Structure formats: structure tokens, C-alpha cells
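Please have a look at this protein with me, sequence and structure side by side.

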Amino acid sequence: MVGDGRELLGRLTQGSQVTVTISTKKGRMNVEITDVKVLQMSADHRKGWNWTFVKVITDAGIHGVGEASLQYKDRSLKAELEDFAGFLKGRNPFEIEYIWNALHRRVTWTGGPVTMSAISAIDLALWDIKGKALGVPVYELLGGKLRDRVMAYANGWSVDATTPAEYARRAQEVVDTGYQALKLYPFRGAQLVTKQDCDETTALVAAVREQVGDGFLIALDARARLNAWGAMRMAEKVEPYDITWFEEPILFDNPDVLAELARAIRIPVATGEQLYTRWGFRAILEKGAAKIIQPDICHAGGISELRKIATMAETYYVPIAPHNSNGPISTVASCHLDACTPNFFMQEIFVNFLPLYNELLTEPIVIEGGYLKVPEGPGWGTDIKEEVIQAHPAGAYSPVPADQRYF
Ligand SMILES: [Mg+2]
């Protein structure tokens with residue numbers, strides 16, 4: 001790594017290797033956004049599950065790619081991105097902080113999943129442009145790498161498993177692939193947690209623990225489907241199996257109750273995939289409602305905002321484990337952030353998405369021994385292939401997925 005900075009300084013001083021025009025009059029890169037394309041495709045995971053990418057194009061022959069995938073809100077998201085495009089055209093893509101704040105604050109009604117996911121995607125695309133223009137990976141723009149690889153934990157591995165034996169068999173596949181951590185969704189209850197729910201959940205967790213052995217990290221995700229009493233009861237049952245975290249044991253929008261639960265159980269509480277911006281995480285941190293936070297780079301405000309959220313969490317000695325259930329740009333961008341974040345814990349990766357990720361990317365995501373290799377090359381170090389997007393047309397939208405367990 002030594003030499004990268006000097007090389008960059010040399011490029012800027014000499015100007016000969018820089019791939020865009022530098023305007024010294026204005027003291028900034030003289031680049032202009034000319035177009036914004038919204039690209040949607042099917043994730044081939046389940047009906048109506050799509051990925052949404054944004055491609056920000058400049059007059060310097062450089063484009064940046066961001067991702068905003070927001071399942072079941074695809075049409076609203078596309079409209080928001082197209083509206084934002086009107087503001088972006090003609091702007092300098094290097095002014096990331098200005099653009100972020102303009103999109104977030106210069107409107108009367110802001111925030112929420114649609115607006116924040118649109119801002120996140122644009123933010124990611126702008127970081128990609130800046131990295132490409134300066135000829136460096138995005139992680140260099142964030143202060144440089146602390147690590148060359150980032151620990152990943154496997155999700156999406158248990159797809160069709162239902163019984164403890166099937167979970168154990170699938171978990172062994174995760175172990176055999178080299179991972180050292182996984183997450184599962186063993187909880188059956190919603191507002192009512194019965195003894196049968198408790199017993200079935202405990203049996204699943206016990207089977208997985210027995211299969212993977214001591215030392216392997218197991219995280220549990222309740223997807224916010226328990227009530228406070230049910231979550232407390234379940235935590236007592238699964239505590240003997242050395243659980244790394246209890247994710248979204250209850251909903252995320254009453255930090256007082258979440259903090260009360262966090263104090264009452266011994267498994268660390270994790271939350272954050274449905275929270276946006278540093279303001280969304282403030283109360284969670286101040287009240288001690290989570291020991292691990294999980295902002296999503298495609299929803300919480302992009303790499304700019306996750307950097308701030310992570311730093312804020314660091315002052316509470318809380319690590320980040322970025323949520324990542326979306327497409328390949330989400331994964332790659334998260335990896336750049338993880339590489340230079342001191343309080344990074346581990347990165348979610350959907351193992352069942354990996355083949356499509358790598359079909360879609362010009363440079364593949366590399367995972368070895370359960371670690372993601374930090375991408376090299378300008379910007380993200382990879383790009384999306386539009387012909388692959390076109391080969392997987394977006395599926396039917398279902399705004400409200402039917403799931404009777406909620407009721
Ligand atoms: Mg989750």
C-alpha cells in the first residue's frame with residue numbers, strides 16, 4: 001500500500017495520468033453530471049424481489065454505480081430517483097456532501113425508506129465516480145484500509161430447510177465453504193410465543209450449534225416479529241448456545257422498550273436494518289438499546305452516512321455489522337467501508353446470491369476462508385454489466401407480501 005498516496009500526489013501534480021480535466025481556476029475537478037439511469041432487474045430469489053441500480057453519467061467519460069434495492073417499493077423508488085435526476089444534471093459529482101445534504105434537507109418532507117434509499121444510491125455512485133476520476137479505490141478516499149479482507153457471515157444458506165436435521169446439513173455446507181459465522185431465523189412466534197414455538201426454536205439452534213461446533217459464530221434474527229415478553233422468553237431458551245447476537249428481537253421504533261429488553265437478557269441485541277441516517281441511530285445508541293448496529297448502505301444514507309453512523313457508534317463502543325440483503329454493489333460498497341472502519345465487526349453476505357452477483361459484475365466478489373477480499377482498482381474496482389440486467393427483467397411487484405404470522 002505504501003506509495004499509493006505518493007502516486008496519487010504525483011498524478012495530481014503532473015496531471016499527465018489523470019483521466020479527467022482538472023480546473024485549477026475553480027480549484028476542483030471540472031466534471032458535470034449529464035444523465036442518471038435507473039436500472040432494475042430480478043434477483044431471481046423469489047417473485048417480485050428485484051434489485052435497483054443507478055448509473056450516474058458524467059461528461060468526463062466516467063460513470064458511477066450505486067444501488068438502492070428496496071423490495072416491494074420498486075416503482076416508488078424509481079420515481080424518486082428520476083425526480084432527483086433533475087436536480088443532479090449539470091452538478092459537479094465531486095460535491096458529494098453538498099448533494100447529499102441538498103437531497104436530504106432541501107425538501108419539506110424527507111427521510112423514510114424511499115427517499116433515503118434513493119439518496120443512498122446516488123451517494124454510492126458519486127463515490128464511485130470520484131474514485132475512478134482520481135484513479136484510486138473508494139477506501140483510499142475514506143482514509144485508507146485498516147484491513148485487506150473483511151470477515152463475512154453467511155446468510156441465505158438455509159433456503160429450504162425446515163427441520164433441525166436439514167438446518168444442520170445446510171450449516172455444514174457453510175462450514176465446508178470456509179465461513180466462520182452464520183445467521184439463521186429460527187423463531188416461530190409473533191405476538192403469541194407458545195411452548196411449542198420455544199421448543200422448536202431451541203431444537204433448531206441446538207442442532208446448528210452441535211453441527212458447527214464451538215468457536216463458530218451463530219447469530220439469530222427474529223426479523224422484529226416477537227413482542228417484548230416473547231423475545232425475553234426466547235432469549236433465555238437459546239442463551240446456552242453461545243449466540244453472537246439477537247437481531248431485531250422486537251421492532252426498532254421504540255428504543256426505550258428495546259433498551260429495557262437489552263438490559264434484561266444476556267445475548268447482545270443487534271438492530272438497525274430499518275433505520276436511516278445518524279438521527280435514526282441516535283436514540284438507539286444513547287439509550288443503550290443495542291450492542292451491535294446494522295445500518296444498510298443502500299438505505300441508511302450511502303457510504304457518506306454509514307461512515308458518520310459508524311463513528312457515532314464508536315463513541316459508545318458499539319461495533320457495526322452492516323446489513324446487506326441486496327445486490328452486488330451493496331456488497332462491494334459495504335466492503336470498502338468495512339475495510340477502513342475501526343469498529344467494524346462482520347459483514348452480512350447472502351451466499352445464495354453469489355453466483356448472480358458474479359455474473360453481473362465485471363470483477364467478481366472474492367470470498368476466501370470466510371473473508372471478503374477488499375476490491376482493488378479505481379472506484380468500487382468493479383462495475384455492473386447492463387446486458388446481464390436486461391437478461392433478468394424485473395418481476396411483478398407485490399407491495400404487501402402476505403404473511404399471516406404477523407397477525
Ligand atoms: Mg435482519
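Here is a short tour of strand pairing and helix packing.

This is a predicted model, in which local features need pLDDT of at least 70 and side-chain atom pairs count only at pLDDT 80 or more, while totals for chains, interfaces and linings use all residues. Residues are numbered from 1 along each chain as its sequence is written. Helices (H or I, at least four residues) and strands (E, at least two) are DSSP runs, numbered from the N terminus.

**An antiparallel sheet and its helix**

Let us begin with an open sheet of three strands, ordered E3-E4-E5 and paired in the antiparallel sense; two strands pair if DSSP finds at least two bridges between them. Strand E3 (33-42) and strand E5 (63-67) are the edge strands, each pairing on one side only. On average, and with direction ignored, neighbouring strands of this sheet are turned by 20 degrees against each other. The axes behind such angles are lines fitted to C-alpha atoms, for helices over the stretch in contact, and angles run from 0 to 180 degrees between N-to-C directions.

Nine bridges hold the antiparallel pair of E3 and strand E4 (residues 50-58). Leu39 has Phe53 in E4 as its bridge partner. Helix H4 (residues 112-134) packs on the sheet, where it touches E4 and E5, and its direction makes about 145 degrees with that of E5. Contact here means that the C-beta atoms of two residues, placed from the backbone, lie within 7 Å.

Strand E8 (residues 217-221) has four of its five residues buried, that is, with 20 or more other C-beta atoms within 10 Å of their own, placed from the backbone. Its pairings are as follows.

| Pair | Sense | Bridges | One bridge |
|---|---|---|---|
| E7 (residues 181-184) and E8 | parallel | four bridges | Lys183 with Ala219 |
| E8 and E9 (residues 243-247) | parallel | four bridges | Leu220 with Phe246 |

**Two helices side by side**

How do helix H10 and helix H11 cross, and at what angle? The axes of H10 (residues 277-286) and H11 (residues 302-314) come within 9 Å and cross at roughly 20 degrees. H10 is therefore roughly parallel to H11, a term for angles under 35 degrees. Thr277, Arg278, Phe281 and Leu285 in H10 meet Glu305, Lys308, Ile309, Met312 and Ala313 in H11. These contact residues divide into five nonpolar, one polar and three charged, where Ala, Val, Leu, Ile, Met, Phe, Trp, Tyr, Cys and Pro count as nonpolar, Asp, Glu, Lys and Arg as charged, and the others, Gly among them, as polar.

Terms used:
Angles under 35 degrees count as roughly parallel, over 145 as roughly antiparallel, 65 to 115 as roughly perpendicular and the rest as oblique. A residue is buried if 20 or more other C-beta atoms lie within 10 Å of its own, exposed if 12 or fewer, and partly exposed in between; C-beta atoms are placed from the backbone.
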